[in-house]
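Student: Got a complex to go through. Can you walk me through it?
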Amino acid sequence: MLFFSNIFKKLKKIKRKKAIVFYLSTLNQFQHFIFTMFLQKDYLDRLDDYEKKMHQHRLKVFLAVGKLRKNLKWTRYKNMLSTLIHLYEIMFSLYELNQRVKDRTLFDVCAIEFKSLSLQLDIIFKKIMHKEFVDLDVFSSAIVSFDELFRSTLQIISPEPIIFLFFVQDLLALYQELTSVSRFFNKRSHFLLVKTKAKQQDFDYQKWDFPG
Amino acid sequence: MTQKLRFILSNLIGVSIAILVNIFFGLTHVYLIPLTTFVVMQTSTGNVIYQGLIRLMSVLFVISLIYIFLHSQISLFYYLHDAALGAVIGILSNLFILPRHPDIEFRERTIPVLEANQKYFAAIIQELLNQDPETIDTQGNNLSHSHKGRSGTKNAQIWLEKKIINLPSWVYASGFDSGLRRGHQFFLNRTERISDILFSMHHLACYKFDEDLMDRLHSIFTECAGHVEKFFTLILTIMRLSKTYAINDFLEELEKLDKKFREIVPYDLETIDIRRDYVYLGEFIFLFNELRSVLIKLIQALR
């Protein structure tokens, strides 16, 4: 019975890990799509195609969310669940910029900053998925660059500059949530690392303060 | 009868006819006719002929490939003949035997999402205004326990997430009825846009706002929220093909909300940026305006 119970627990652990990785991977693709859409020159000419792609991304996100909720509901990860769910809400909020900006030449002004933000998010998501240490300073620098561009240029040339202010605030919110998520998963990887070292050196690892 | 049931019955009848035809007119007697009929009938709604022909081409290609490897004594023409016959039966069954109605199925799939949007919006407003759980629901009645505070928002959000997955993606499929395509895609796009706006609103509503600020905007927010809920109710009434009625576009109320917000928060970029709750509230009001525009476009499209 203990043997089957252990196998069952291991299978659940694998499913939980897969659900988290799938969700983060889907969000990563979604953020990449959002930032790419900002810079598409033929967006208005091929609106139907982009709406179709957005619809497909949306469905993928919600399928991933469904799996995440199912696998994390009754586990000790349930506190992290609301933070993970909040990530996709912020993504949709970032996407709102695409709907608000009427003059798409404004996006050409932000092209470098958008690419930098998307690249940093890609690195962050991949590192979280691989339980590697995540340095969010580069991402915060990218947000600061965008903020400086907003204050120096977009505020003047944009007919409705407040929408870019909303975008900056959403980026800051994303930064905060990613900080929580990376700390949570880094703690767990630290725990795994410590346990391995402890085994090798015969430590009494009961003394260590394991994360929740 | 639901569209799904019609589709299952149509499949059963089509395959039964194919089996009979296979017995009397089949040249190969390997049940290729009913098999092809079944494959060709698995098309999405409103896409019978285009997808049916694509599937027929695929079946013919697979048969030819298998024939090359099997070196059967029966001529390839016989297999192709049976496959083509099966495809004809399949396409005609889809067109004439309990055909699916794209407009009905579209309504069946979209109405639950709009209902979920309505409930989610009500829950978001409740969370924003931190109301007593036993106050209002979407019809102005006393709220049930399932909508209490944040758990109410969470439940409404989970419900919406489940419903969105069932939205009719087949309106984007190649070969979808060209007469219906533009209108259905527009409506689907707007419905999804409402969900996007609501998710953004929830992200902002979760923030802990200054109580004094919220107290001053409480009544006007409640008034505007009431109007939005009336919009949702009207859209659902029209979708259910019931009698419609006139409605106030609440532009005046939104302008009042905006004016009141600007009285409290000077709406220039330097000042609004001082506090995050000012920016978030400003964005929430912005989203309110966007939600109103999308709802009006939906109603205009339906009328």
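Tutor: Start with a definition: the bend at a residue is the angle between axes fitted to the seven residues ending there and the seven starting there. Helices are DSSP runs of H or I, at least four residues, numbered from the N terminus. This is a predicted model, where local features need pLDDT of at least 70 and side-chain atom pairs count only at pLDDT 80 or more, while totals for chains, interfaces and linings use all residues. Residues are numbered from 1 along each chain as its sequence is written, chains are lettered from A and ligands numbered from 1 in the order written, and side-chain values use heavy atoms, without hydrogens and water.

Student: Where is the kink in H8(B) centred?
Tutor: On B:His218, with a kink of about 50°. Just after H8(B), B:Leu241 has a positive phi of about 60°.

Student: Switching topic: what pLDDT does chain B average?
Tutor: 85, and 90% of the residues score at least 70. pLDDT is the predictor's confidence in each residue, from 0 to 100. Residues 132–149 of chain B are below 50. Where pLDDT is low, the predicted coordinates should not be read in detail.

Student: And the interface: how many salt bridges between chain A and chain B?
Tutor: 7, each a side-chain nitrogen of Lys or Arg within 4 Å of a carboxyl oxygen of Asp or Glu. One joins A:Arg58 to B:Glu192, with the closest N and O atoms 2.8 Å apart.

Student: How many residues does each chain put into the contact?
Tutor: Chain A gives 36 residues and chain B gives 36 residues; contact means heavy atoms within 4.5 Å.

How values were computed
Helix = DSSP H or I, 4+ residues; strand = E, 2+ residues; numbered from the N terminus.
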